[in-house]
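User: I am new to reading protein models. Please take me through one part of this one in detail.

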Amino acid sequence: MQKLSVALGEYPHGQALLDGEVGVDGYRIEPVEVRPVIGAYRRMIRDLEFDVCELAPVSYLMARQEGVPLTAIPVFLNRRFHHGDVQCAEDSGIREPRDLEGRRVGVRAYTVTTGVWVRGVLSEQYGVDVEKITWVVDDDDHIEGRTPPNVERVADGRSLGELLRAGDIDAAFTGNAGTGRAGAPRAGWAAADEGVGDGPYPLFPDAEVLAVDWYLRTGIYPLHSLVALRSELVERDPDLPAKLCTAFVDSKRKQLAADPAWLTQPRFARQARQIGGDPAPYGIEANEPSLTALVRFSRDQGLLDPDFPTDPHTLFAVGDHPDA
């Protein structure tokens, strides 16, 4: 039995694989705990530290473009809508998306997947010229060299949350993409208290309604992670991607048998109601609108070359990976 080191986030639908209840033929799974799993992304992309690792989709696309020897399978453990991810400073006067033009908006790093999704929505749905926004960052990109000139780095050590509450930036992303992280950008990654009280307010107060409307019109259900493995392993065993896909599908089915309403994951349960179906679909065809949109947004924002392939089948290991 060959060992496979595997770094994943905390998802009940992936736990049976990590616990050994679901196997990968010919391999022994060795879980590696990195909390939050975001901390594993850079280690995988820069050092190929794990055999199998959850990755942010944009980081994977950029790594693939740069020739990093990683191969993905169409298993998307995490996803969520992003209309509620932007908070505006109390006295910013921002009332509609185009008011962001000419302003300073905080985001952890320019290439974070949340940022790509939000900029894509702002541009395509609301006509915002995202190049007229100054993006204020406090962390490094996993793949460097694609930062546009309208990106500014925090110089005084304050967090994005502190800058937002002080009114020194006009808006900021929430969660790990921005104000939801406490401590130094590269250390700790402790969750921050994002209780805003009478201070910062959402850009879209009716974010959930807008997100569902967008999904119904476009079919786009934003991906927030995929699973990648070192390409060397695929060269050694071309059947490994299919074996892993099968294992992830079996793990998900095992969880669904125990929790068909996703009650152990309230956010996924809510998203299931929003889209009227599976909140974590796997496979290329089931996710084609989302994959195509993410490549398009990444190209439009200068993170991928103009000739980066748009066919989502080219992004994943060769083989039959059915929707599940």
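Predicted model: local features only at pLDDT ≥ 70, side-chain atom pairs only at ≥ 80, totals over all residues.

How many bridges join strand β1 to strand β2, and do the two run parallel or antiparallel?

Analyst: Now to your question. Strand β1 covers residues 2–7, and strand β2 covers residues 27–31. Five bridges join them, and the two strands run parallel. You can find one of these pairs yourself. Look for Gln-2, then look across to β2: the bridge partner there is Tyr-27.

Next, follow the chain from β1 to β2. Helix α1, residues 12–19, belongs with these two strands. Together, β1, α1 and β2 make a right-handed β-α-β unit.

Strand β1 also pairs with strand β3, residues 52–55. This pairing is parallel too, and it runs over two bridges. Ala-7 stands opposite Cys-53 in β3.

Now step back to the sheet. It is open and has five strands. Read across it, and the order is β2-β1-β3-β13-β4. The pairing is mixed. The edges are β2 and β4, residues 70–73, and each of them pairs on one side only. The strands are also turned against their neighbours, by 30 degrees on average with direction ignored.

Where does an antiparallel pair come in? Look at β4 and strand β13, residues 226–230. Four bridges link β4 and β13 in the antiparallel sense. Within that pair, Thr-71 stands opposite Leu-229 in β13.

A helix rests on this sheet. It is α2, residues 38–47. Helix α2 touches β1, β3, β4 and β13. Its direction makes about 120 degrees with that of β3.

The loops on either side of α2 deserve a look. Between β2 and α2 lies a loop that holds Pro-36. The peptide bond joining Arg-35 and Pro-36 is cis, with omega about -10 degrees. Between α2 and β3 lies another loop, and Leu-48 is in it. Leu-48 has phi near 50 degrees. That is a positive value in a residue other than glycine.

Move on to helix α3, residues 57–65. Its partner is helix α10, residues 288–300. Their axes come within 11 Å and cross at roughly 65 degrees. That angle makes α3 roughly perpendicular to α10. The crossing is right-handed. Which residues meet there? From α3 come Pro-57, Val-58 and Leu-61. From α10 come Leu-294, Val-295 and Ser-298. By class, this contact has five nonpolar residues, one polar and no charged.

Helix α4, residues 113–126, packs with helix α6, residues 207–218. The angle is about 75 degrees, and the axes are 13 Å apart. So α4 and α6 are roughly perpendicular to each other. Trp-117, Val-121, Gln-125 and Tyr-126 of α4 meet Leu-210, Trp-214, Arg-217 and Thr-218 of α6. Sort these residues by class, and you get five nonpolar, two polar and one charged.

Key:
Residues numbered from 1 in each chain as written. Heavy atoms only, no water. Axes fitted to C-alpha atoms, helices over the stretch in contact; angles between N-to-C directions. Parallel < 35°, antiparallel > 145°, perpendicular 65-115°, else oblique. Left-handed = near helix turned anticlockwise from the far one by under 90°. Contact = heavy atoms within 4.5 Å. Nonpolar A, V, L, I, M, F, W, Y, C, P; charged D, E, K, R; others polar. Pairing = 2+ DSSP bridges. Right-handed = clockwise from strand over helix to strand, strands pointing away.
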